[in-house]
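Good morning, everyone, and thank you for making time.

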Amino acid sequence: MSKLAINQGTPQFIPLTTYRSYPAEEMEQRAREFYADIARRKTIREFASTAVSRKVIEQCLLAAGTAPSGANHQPWHFAVVSDPAIKKRIRVEAEIEEREFYERRAPQEWKDALAPLGTDSNKPFLEEAPYLIAIFGQKSTLMEDGTAVKNYYVPESVSIATGFLIAALHHAGLATLTHTPSPMGFLNELLGRPDNEKPYILLVVGHPAGHCMVPNIRKKSLEEIASFL
Ligand code: IYR
(Lines give C-alpha, C1' and ligand atoms only; values in the text may rest on other atoms or scores of the structure.)
Protein backbone atom coordinates (compact mmCIF):
# COMPACT_ATOMS: atom_id res chain seq x y z
CA MET A 1 0.00 0.00 0.00
CA SER A 2 1.55 3.33 -1.05
CA LYS A 3 1.83 5.90 1.69
CA LEU A 4 1.52 8.74 -0.79
CA ALA A 5 -2.03 9.89 -1.45
CA ILE A 6 -0.98 10.89 -4.99
CA ASN A 7 -0.70 7.18 -5.78
CA GLN A 8 -3.82 5.14 -5.20
CA GLY A 9 -2.47 2.35 -3.03
CA THR A 10 -3.90 -0.84 -4.50
CA PRO A 11 -3.21 -1.24 -8.21
CA GLN A 12 -5.85 0.68 -10.12
CA PHE A 13 -5.65 0.69 -13.88
CA ILE A 14 -7.40 2.90 -16.41
CA PRO A 15 -7.29 2.64 -20.20
CA LEU A 16 -4.42 4.43 -21.94
CA THR A 17 -6.16 7.15 -23.93
CA THR A 18 -3.40 9.73 -24.45
CA TYR A 19 -1.02 7.73 -26.67
CA ARG A 20 -0.86 8.70 -30.34
CA SER A 21 0.62 6.55 -33.07
CA TYR A 22 1.86 7.90 -36.39
CA PRO A 23 2.44 6.29 -39.77
CA ALA A 24 6.13 5.34 -40.20
CA GLU A 25 6.93 8.24 -42.50
CA GLU A 26 5.30 10.84 -40.27
CA MET A 27 7.11 9.32 -37.30
CA GLU A 28 10.45 9.79 -39.01
CA GLN A 29 9.58 13.35 -39.94
CA ARG A 30 8.50 14.16 -36.40
CA ALA A 31 11.72 12.70 -35.03
CA ARG A 32 13.75 14.73 -37.52
CA GLU A 33 11.85 17.92 -36.74
CA PHE A 34 12.21 17.48 -33.00
CA TYR A 35 15.94 16.95 -33.37
CA ALA A 36 16.28 20.02 -35.61
CA ASP A 37 14.43 22.11 -33.06
CA ILE A 38 16.16 20.87 -29.91
CA ALA A 39 19.55 21.12 -31.66
CA ARG A 40 18.99 24.90 -31.87
CA ARG A 41 19.09 25.04 -28.07
CA LYS A 42 22.27 26.60 -26.77
CA THR A 43 23.27 27.17 -23.20
CA ILE A 44 23.77 30.92 -22.82
CA ARG A 45 25.48 33.09 -20.22
CA GLU A 46 24.40 36.54 -21.41
CA PHE A 47 20.79 37.31 -20.61
CA ALA A 48 18.54 40.26 -21.44
CA SER A 49 16.57 41.73 -18.57
CA THR A 50 13.41 41.47 -20.73
CA ALA A 51 10.48 40.32 -18.59
CA VAL A 52 9.05 36.84 -19.06
CA SER A 53 5.41 36.04 -18.36
CA ARG A 54 4.91 33.97 -15.22
CA LYS A 55 2.21 32.02 -17.11
CA VAL A 56 4.89 30.68 -19.48
CA ILE A 57 7.07 29.57 -16.58
CA GLU A 58 4.07 27.92 -14.93
CA GLN A 59 3.22 25.91 -18.05
CA CYS A 60 6.84 24.80 -18.43
CA LEU A 61 6.93 23.69 -14.80
CA LEU A 62 3.74 21.68 -15.36
CA ALA A 63 5.52 20.02 -18.31
CA ALA A 64 8.52 19.24 -16.07
CA GLY A 65 6.17 17.77 -13.49
CA THR A 66 4.96 15.17 -16.01
CA ALA A 67 8.39 13.49 -15.94
CA PRO A 68 8.61 9.86 -14.86
CA SER A 69 9.96 9.34 -11.34
CA GLY A 70 10.79 6.56 -8.89
CA ALA A 71 7.50 5.04 -7.68
CA ASN A 72 5.83 8.17 -9.12
CA HIS A 73 6.83 10.04 -5.94
CA GLN A 74 7.77 13.13 -8.00
CA PRO A 75 10.59 13.99 -5.59
CA TRP A 76 11.24 17.53 -6.79
CA HIS A 77 10.59 21.11 -5.90
CA PHE A 78 11.07 24.11 -8.15
CA ALA A 79 11.75 27.37 -6.31
CA VAL A 80 11.09 30.14 -8.82
CA VAL A 81 12.88 33.39 -8.06
CA SER A 82 12.11 36.71 -9.72
CA ASP A 83 12.59 39.03 -6.72
CA PRO A 84 15.69 41.16 -7.47
CA ALA A 85 16.72 41.20 -3.79
CA ILE A 86 16.74 37.38 -3.58
CA LYS A 87 18.53 37.12 -6.94
CA LYS A 88 21.19 39.47 -5.63
CA ARG A 89 21.70 37.36 -2.50
CA ILE A 90 21.96 34.22 -4.61
CA ARG A 91 24.58 35.93 -6.81
CA VAL A 92 26.60 37.01 -3.79
CA GLU A 93 26.58 33.51 -2.27
CA ALA A 94 27.23 31.76 -5.59
CA GLU A 95 30.15 34.03 -6.41
CA ILE A 96 31.75 33.31 -3.03
CA GLU A 97 31.69 29.57 -3.86
CA GLU A 98 32.74 30.15 -7.45
CA ARG A 99 35.73 32.27 -6.46
CA GLU A 100 36.79 29.50 -4.12
CA PHE A 101 36.33 27.02 -6.98
CA TYR A 102 38.25 28.92 -9.65
CA GLU A 103 40.99 30.27 -7.36
CA ARG A 104 41.55 27.27 -5.09
CA ARG A 105 39.39 24.15 -5.29
CA ALA A 106 39.35 23.31 -9.00
CA PRO A 107 42.17 21.05 -10.17
CA GLN A 108 44.02 22.27 -13.28
CA GLU A 109 42.49 19.46 -15.35
CA TRP A 110 38.99 20.74 -14.55
CA LYS A 111 39.94 24.34 -15.35
CA ASP A 112 41.44 23.19 -18.66
CA ALA A 113 38.17 21.39 -19.47
CA LEU A 114 36.21 24.59 -18.81
CA ALA A 115 38.54 26.85 -20.82
CA PRO A 116 36.59 26.47 -24.12
CA LEU A 117 33.43 27.67 -22.34
CA GLY A 118 35.04 30.88 -21.10
CA THR A 119 33.44 30.63 -17.64
CA ASP A 120 34.77 32.40 -14.56
CA SER A 121 33.63 33.25 -11.05
CA ASN A 122 31.69 36.33 -12.16
CA LYS A 123 27.97 35.50 -12.39
CA PRO A 124 26.08 38.69 -13.43
CA PHE A 125 23.39 36.57 -15.12
CA LEU A 126 22.13 35.60 -11.66
CA GLU A 127 20.83 39.16 -11.36
CA GLU A 128 20.20 40.00 -15.01
CA ALA A 129 17.98 37.08 -16.00
CA PRO A 130 14.28 37.50 -15.14
CA TYR A 131 13.97 34.05 -13.53
CA LEU A 132 16.16 31.69 -11.54
CA ILE A 133 14.65 28.28 -10.92
CA ALA A 134 16.35 26.37 -8.11
CA ILE A 135 15.62 22.68 -8.57
CA PHE A 136 15.55 20.61 -5.39
CA GLY A 137 15.40 16.84 -5.01
CA GLN A 138 13.49 15.47 -2.02
CA LYS A 139 15.19 12.55 -0.26
CA SER A 140 11.86 11.93 1.41
CA THR A 141 8.38 13.38 1.20
CA LEU A 142 7.19 14.93 4.44
CA MET A 143 3.63 13.97 5.34
CA GLU A 144 1.24 16.24 7.20
CA ASP A 145 1.54 14.10 10.34
CA GLY A 146 5.29 14.76 10.37
CA THR A 147 6.36 11.31 9.13
CA ALA A 148 8.68 10.99 6.17
CA VAL A 149 8.12 8.69 3.19
CA LYS A 150 11.33 7.60 1.45
CA ASN A 151 11.82 8.55 -2.19
CA TYR A 152 13.65 6.45 -4.78
CA TYR A 153 15.99 7.25 -7.67
CA VAL A 154 15.92 10.90 -6.67
CA PRO A 155 18.89 12.13 -8.78
CA GLU A 156 17.59 10.26 -11.83
CA SER A 157 14.05 11.57 -11.36
CA VAL A 158 15.14 15.16 -10.80
CA SER A 159 17.47 15.04 -13.80
CA ILE A 160 14.72 13.77 -16.09
CA ALA A 161 12.33 16.50 -14.88
CA THR A 162 15.05 19.09 -15.40
CA GLY A 163 15.53 17.83 -18.96
CA PHE A 164 11.80 18.17 -19.59
CA LEU A 165 11.91 21.70 -18.13
CA ILE A 166 14.84 22.81 -20.29
CA ALA A 167 13.13 21.39 -23.40
CA ALA A 168 9.80 23.04 -22.48
CA LEU A 169 11.45 26.43 -21.90
CA HIS A 170 13.30 26.12 -25.21
CA HIS A 171 10.06 25.17 -26.96
CA ALA A 172 8.42 28.29 -25.49
CA GLY A 173 11.20 30.51 -26.86
CA LEU A 174 13.31 30.93 -23.75
CA ALA A 175 16.99 30.27 -23.20
CA THR A 176 18.60 28.66 -20.17
CA LEU A 177 21.83 28.09 -18.34
CA THR A 178 22.18 25.00 -16.17
CA HIS A 179 24.22 26.58 -13.43
CA THR A 180 25.77 24.49 -10.67
CA PRO A 181 27.45 26.59 -8.02
CA SER A 182 29.16 24.05 -5.82
CA PRO A 183 28.41 23.53 -3.02
CA MET A 184 24.97 25.12 -3.27
CA GLY A 185 23.57 24.33 0.14
CA PHE A 186 23.13 28.08 0.63
CA LEU A 187 20.04 27.83 -1.57
CA ASN A 188 18.14 25.94 1.17
CA GLU A 189 18.62 28.80 3.55
CA LEU A 190 18.03 31.63 1.08
CA LEU A 191 14.91 30.03 -0.36
CA GLY A 192 13.54 28.55 2.87
CA ARG A 193 13.68 24.92 1.74
CA PRO A 194 13.70 22.12 4.34
CA ASP A 195 16.60 19.78 5.15
CA ASN A 196 15.11 16.80 3.30
CA GLU A 197 15.65 18.73 0.06
CA LYS A 198 18.95 18.99 -1.78
CA PRO A 199 19.54 21.58 -4.50
CA TYR A 200 20.65 19.98 -7.77
CA ILE A 201 20.66 22.77 -10.32
CA LEU A 202 20.09 26.48 -10.48
CA LEU A 203 18.43 27.04 -13.85
CA VAL A 204 18.85 30.56 -15.21
CA VAL A 205 15.96 31.47 -17.53
CA GLY A 206 15.26 34.34 -19.89
CA HIS A 207 15.88 35.86 -23.29
CA PRO A 208 19.40 36.08 -24.69
CA ALA A 209 21.01 39.52 -24.56
CA GLY A 210 21.09 41.26 -27.94
CA HIS A 211 24.85 40.79 -28.16
CA CYS A 212 24.75 37.22 -26.82
CA MET A 213 27.77 35.15 -27.81
CA VAL A 214 28.06 31.38 -27.32
CA PRO A 215 31.09 29.13 -27.35
CA ASN A 216 31.90 27.56 -30.70
CA ILE A 217 31.50 23.96 -29.60
CA ARG A 218 29.86 20.94 -31.21
CA LYS A 219 27.77 18.01 -30.10
CA LYS A 220 29.01 14.46 -30.65
CA SER A 221 27.84 12.58 -33.75
CA LEU A 222 25.46 9.64 -33.57
CA GLU A 223 28.38 7.26 -34.04
CA GLU A 224 30.11 8.83 -31.06
CA ILE A 225 27.14 8.55 -28.71
CA ALA A 226 25.36 5.36 -29.70
CA SER A 227 25.87 1.72 -30.58
CA PHE A 228 23.27 -0.55 -32.13
CA LEU A 229 23.57 -4.19 -31.17
N1 IYR B 1 30.20 25.77 -11.41
C2 IYR B 1 31.24 26.53 -12.08
C3 IYR B 1 32.14 25.70 -12.91
C4 IYR B 1 31.57 24.98 -14.05
C5 IYR B 1 31.65 23.61 -14.08
C6 IYR B 1 31.21 22.92 -15.15
I7 IYR B 1 31.48 20.93 -15.20
C8 IYR B 1 30.64 23.58 -16.26
O9 IYR B 1 30.18 22.87 -17.35
C10 IYR B 1 30.57 24.96 -16.25
C11 IYR B 1 31.03 25.66 -15.12
C12 IYR B 1 30.62 27.70 -12.86
O13 IYR B 1 29.40 27.77 -12.97
O14 IYR B 1 31.35 28.53 -13.38
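Predicted model: local features only at pLDDT ≥ 70, side-chain atom pairs only at ≥ 80, totals over all residues.

**The ligand and what surrounds it**

Let me begin with Thr180, where a backbone N or O atom lies 3.1 Å from a nitrogen atom of the ligand, a polar contact being a pair of N or O atoms within 3.5 Å, where within protein one must be able to donate a hydrogen and the other to accept it, and residues adjacent in sequence count only if both atoms are side-chain atoms. The protein covers 73% of the 370 Å² of accessible area that the ligand has on its own, and accessible areas here come from the Shrake-Rupley method with a 1.4 Å probe, with only the protein chains shown counting as cover for residues.

Residues are numbered from 1 along each chain as its sequence is written, and side-chain values use heavy atoms, with hydrogens and water left out.

Staying with the ligand, a polar side-chain atom of Tyr102 lies 2.4 Å from one of its oxygen atoms, and for His179 a polar side-chain atom lies 3.2 Å from an oxygen atom of the ligand. The residues that surround the ligand, each with a heavy atom within 4 Å of it, include Arg45, Glu98, Phe101, Tyr102, Trp110 and Asp120.

What should the 22 residues of H3, residues 84–105, span at 1.5 Å a residue? They should span 32 Å, and the end C-alpha atoms are 29 Å apart, which agrees; the expected span is 1.5 Å times one less than the number of residues.

The buried residues of H3 are Lys87, Ile90, Arg91, Ala94, Glu95, Glu98, Phe101 and Tyr102, where buried means under 20% relative accessible area, exposed over 50%, and partly exposed in between, with a 1.4 Å probe and protein chains only. An α-helix has 3.6 residues a turn, so residues three or four places apart point the same way. On the other side of H3, Arg89, Glu103 and Arg104 are exposed, and at the N-terminal end Asp83 caps the helix, with a side-chain oxygen 2.8 Å from the backbone nitrogen of Ala85.

Ser121 sits in the loop between helix H4 (108–114) and helix H5 (125–128). Is Ser121 buried or exposed? At 15% relative accessibility, Ser121 counts as buried, and, leaving aside neighbours within four places in sequence, Ser121 is in contact (heavy atoms within 4.5 Å) with Glu95, Glu98, Arg99 and Tyr102.

Another loop, between helix H7 (186–191) and strand E6 (197–206), holds Arg193, which is partly exposed with a relative accessible area of 22%. The side chain of Arg193 makes a polar contact of 2.8 Å with the side chain of Glu197.

Finally, for the protein chain as a whole, there are eight helices and six strands, and 35% of the 229 residues count as buried.

Definitions and conventions: Helix = DSSP H or I, 4+ residues; strand = E, 2+ residues; numbered from the N terminus.
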